Amino acid sequence: MTHRTARFHGPDSTEPFVSRLPMHALRRPSSRTLVEWEFQLLSDPDGHPGEVWHKVSLPELWTMTEQTDRPHYTNVTIPFDAVPPQTPAHNPTGVYRTTVHIDDLAGNRAILSIGAAEGHLRVFVNGEFVGMSTDSHLAAEFDISDSVRSGTNHVELRVSKWSSSTYIEDQDQWWHGGISRPITLAVLAPIRLADVFARPDFDPETQRGSLRLTVSTVGLDAERDVGHQIRVTVLDRVFDVDIAPRVALQGLPVMSTDRTTQPPAMFPDGFMDLLSLNAAGAPAPTGLERASAGLAASVAPKPVAGTATVEIADLDVPPWSAETPHLETLLIELVEPGGRVSDETRLRIGFRRVEVSGRELLVNGKPVLIQGVNRHDFDPHTGRVLTTAQMLEELSLLKQFNFNAVRTSHYPNDPQFLDLCDEIGFYVIDEADIEAHAFPYVSDDPRYLPAYVDRLSRMVLRDKNHPSVIAWSLGNEAGYGANHDAAAGWVRRYDPSRPVHYEGAISLDWHAGHHGTDILCPMYPSFDALAAYAADPRADRPLIMCEYAYSQGNSTGNLAHYWDLIESTVGLQGGFIWEFKDHALDPDRTGRGLYGGDFGDTPHDGTVLLNGIADANGVPRPAMFEARGIFSPVRIVSGAAAAKAGTVTIRNRQYFADLSQFALDVHVDSPDGPLYITRIPTPSVAAGETATITLPTDIHRAAQDASTLGVTLVLRLANDTIWAPAETSLGAQQVRFDIDPVLPDTPAISRDAAATVDDSGRIAHPLLEAWPEISLWRALTDNDQAFTLDQRFIRSGFFRLNAISTNVERHESDAVDVVTIVYATAFGDQVVHTRTISQLGAGRYRFDEHVSLPQDTKDGLRVGVRFELSKDFTDATWLGLGPWENYPDRQRAATTGKWSSPIDGLAVPYLHPQENGTRGEVTRLELTAPRARVTTEHGSPLHVNVGRYTVDELETAAHWWELPPSGRTIVHLDIAHRGVGTALLGPDTRPEFRLNGSEYQWSWVLDLRSEH
């Protein structure tokens, strides 16, 4: 690839940000949205458009619509071969043009706002260059007044995909080009509001609020006699305040040279010493006290011209938190000398305090636990173009699954997203658009210093009034350098009310990086590291994992262990799961998701973007249900003995709210399904407190039955909210009872001649396509293939078993057969499977299994049997954990009960096919066809998997949608199955969820019945 060196497009560029206005927090709903444009895609920033244009509706990314420049996915690697700040010769550039009618401005100003341009943006009006911007995820506003004329105006935008800024937007994402947020045009008065900084506070000691408000204006900063005022209305109170005028700076007094008269004494002896004495905190000399006070007043900073400040104390106002997101409307009006309101803005503000105190992050004085998730702007059909309705849908889903925090990985989100976080109730880590993953040394490169400060400061200026924002993040995975410290210094000075967050500052030393972060925010730490930090006397900051529980494919194991540690250890305050959604694209809406390489993009990082707890369309995965249960605001803290005695004790896990917003249903879990479903009164339980509930009589009585599986409490929403209707389930908590499954002890009966074990150890039956055989392999999950596991599973050779000898011992008198099969693994080790088969009746068999693995087996994936049924089986019912897929290290939120599902609904269609659909702790399984029924009963709880595809088929397919429709029914019954862990990026599954044994034995019964 050829290269060229581009001019450095950044804040220090020789091509300045002509007319780009300062960032602000104002919202102007009267702006006109410019939707209809014409478009051409060029191969070069300086190319000339042809004659053929096509119409587009913005926002839209050309990479989702144009065939000549498709989406490109890389995790770390810059997708062209160059180094900062070079750009490649081939640089796709989208040219957008439209016409805009503007009436005579009559002294007003025309302001063009581009909500977000993916790439390097240049703006032209009537052929005149008016400005540029390089930040892909913040709005760029331009005053185009001097370039427009009354009537028709031509607006052209040029967006180049690559620039020097590409190197600091290297964010494990699809590379796109285009316009991703709306474009607006506003005509504003020359004298108007410029910005508002509202700093509401809540004192947890006095339970009172206060507000400091700074309002700035345009057009009044040069006035020495300002007749305008700012009117502030909040909490039904109105305040009129003056706007600071321009004040001439006081110079040094000029001493008279006239010696004809005696000059008066103006300054006492020692006057010049007073300034330094004041600064040193030293007392003024005797007799100079008044002079000292006057001097201090004269040199004190003066109000900034054109601004007004309001301070209001002792407000009786409810606090804002994610649990109680109480908002107040703040109205700010610019009032002309005659009393007319010439401009106004409304804000929704929340009174709350965020502070770091030692090893705790406090919200309103409480060390809240962060139940968070990382989120990208993403839609499979549009790339990064989202509507407000989609944002609401996403946040509503997260709220229903008991999440309370979002990290905007790795760039500022749309302001409307933060509006919704304010209203619904989420804590937000607001992250600057800075990631230099491939070239982290640019964090010390002075050429990029202005860009670092600019990107962080503009985000802060835009989002400063949102109560949901509790910390400012300097970006992500850009090493750590002087540019970070400079940006952190600016934000700490401008907004000391929020802590600064940056993982790179502590990535190599958890006790360092204080200039770069106030929060210890590691990625994917080990459990031992977390415990060690909590116990270390040097630990001086709260630990909130910015990324953990990596969820690529069938993953997110150990989440419960993380939270057991978090909830029992001071200083560990939660974290943000990586991540919310898979990023599979489907630009043609075929239903066939695509990942890295599927667009011909190279280099690429394949499936690394498929790491969501929800799929690309927002459908929750089993891992998300696990999180819902762990994050539940209500938890049962009593055990089986109490439930059998008629009570359950619950704890309110919230920090501010009682339980009045919830309704509680309780039922008994029995082998026949849930019984005695009852709505019970919601107890009055303050935040953090417990209460004991007396179970209804029917439930108490049923709980004492020996066959009862448990008692379950279902949490529901009591009233309609913006994020869910009343009765929405927020999860279930269960008291499980220990049940020892007992297999039928009926002795073997006379042998059925049609059910004779053949020389290979099998019995033929019309309902079986394949007789039960040993199974030691699963379709490798993404985590199973982590480089840190060093191909241990492949090295075991268990993926291929070849029978090298079979021995059948027949016992004709009692219809018992003992079958011993010796297998050779792919690399020659021996596995011995000994099975005793007892015939219990026609089509009914008991299996007593014994498996011996090689003595040096260190880890495995599964130990069990696999069989296949004839076609036409449609439904499954089981007694065990459910209803969703679960694995030994991801089953805290699953509950024991009787569950039913169509067989086609048991699989989890991870886009990259792999092991999926297993349910644990199963004691009975029933599979049905129109005229057949197959049942298995288990002497020990087994892991059960019923699906349509073999392990080989899953491992061979690159996409789930490549698997052909199948009516097959393949059943796995495992006595041991490995957890899923997060080894691809983070801890492997815990030792207790690995298969380290070499001897396994279990018993089960198979009942095959045809119904005619």
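1. Basis of the note. The model is predicted, so local features need pLDDT of at least 70 and side-chain atom pairs count only at pLDDT 80 or more, while totals for chains, interfaces and linings use all residues. Residues are numbered from 1 along each chain as its sequence is written, and side-chain values use heavy atoms, with hydrogens and water left out.

2. Cysteines. A disulfide is a covalent bond between the sulfur atoms of two cysteines; here the term is applied to a pair of cysteine sulfur atoms within 2.5 Å. The search of the whole structure gives 0 disulfides. For C521, the closest cysteine sulfur belongs to C546 and lies 5.3 Å away, which is too far for a bond. C521 has a relative accessible area of 0% and is therefore buried, a word that means under 20% relative accessible area, with exposed meaning over 50% and partly exposed in between (1.4 Å probe, protein chains only). C546 is likewise buried, at 0%.

3. A nonpolar patch. M255, M266 and F267 make a nonpolar surface patch of about 330 Å². Patches are made of residues with over 30% relative accessible area and no salt bridge; like charges are joined within 9 Å, and nonpolar side chains (Val, Leu, Ile, Met, Phe, Trp, Tyr) within 5 Å. The areas come from the Shrake-Rupley method with a 1.4 Å probe, and for residues only the protein chains shown count as cover. M266 is placed in the loop between β20 (237-242) and α1 (273-280); helices (H or I, at least four residues) and strands (E, at least two) are DSSP runs, numbered from the N terminus. With 54% relative accessibility, M266 is exposed.

4. Salt bridges. The whole structure holds 63 salt bridges, each being a side-chain nitrogen of Lys or Arg within 4 Å of a carboxyl oxygen of Asp or Glu. One of them joins the side chains of D201 and R353, at 2.7 Å from N to O. Because D201 lies in strand β17 (residues 192-203) and R353 in the loop between β23 (341-349) and β24 (354-357), this pair ties together parts that are 152 residues apart in sequence. D201 is partly exposed at 22%, and R353 is partly exposed at 23%.

5. Two further pairs. R538 and D536 meet in a salt bridge of 2.9 Å, N to O. R538 is exposed, at 54%, whereas D536 is buried, at 17%. In the salt bridge of R651 with E567, the closest N and O atoms are 3.7 Å apart. This pair links distant parts of the chain, with R651 in strand β35 (residues 647-652) and E567 in helix α8 (residues 559-567), 84 residues apart.

6. An open sheet. Four strands form an open sheet in the order β20-β19-β22-β23, with antiparallel pairing; two strands pair if DSSP finds at least two bridges between them. Since β20 and β23 stand at the edges with a single partner strand each, one side of each is left without a neighbour in the sheet. Strand β19 (residues 229-234) and strand β22 (residues 328-335) run antiparallel and are joined by 6 bridges. Within this pairing, V234 stands opposite L330 in β22. Strands of a sheet pair through backbone hydrogen bonds, either parallel or antiparallel.
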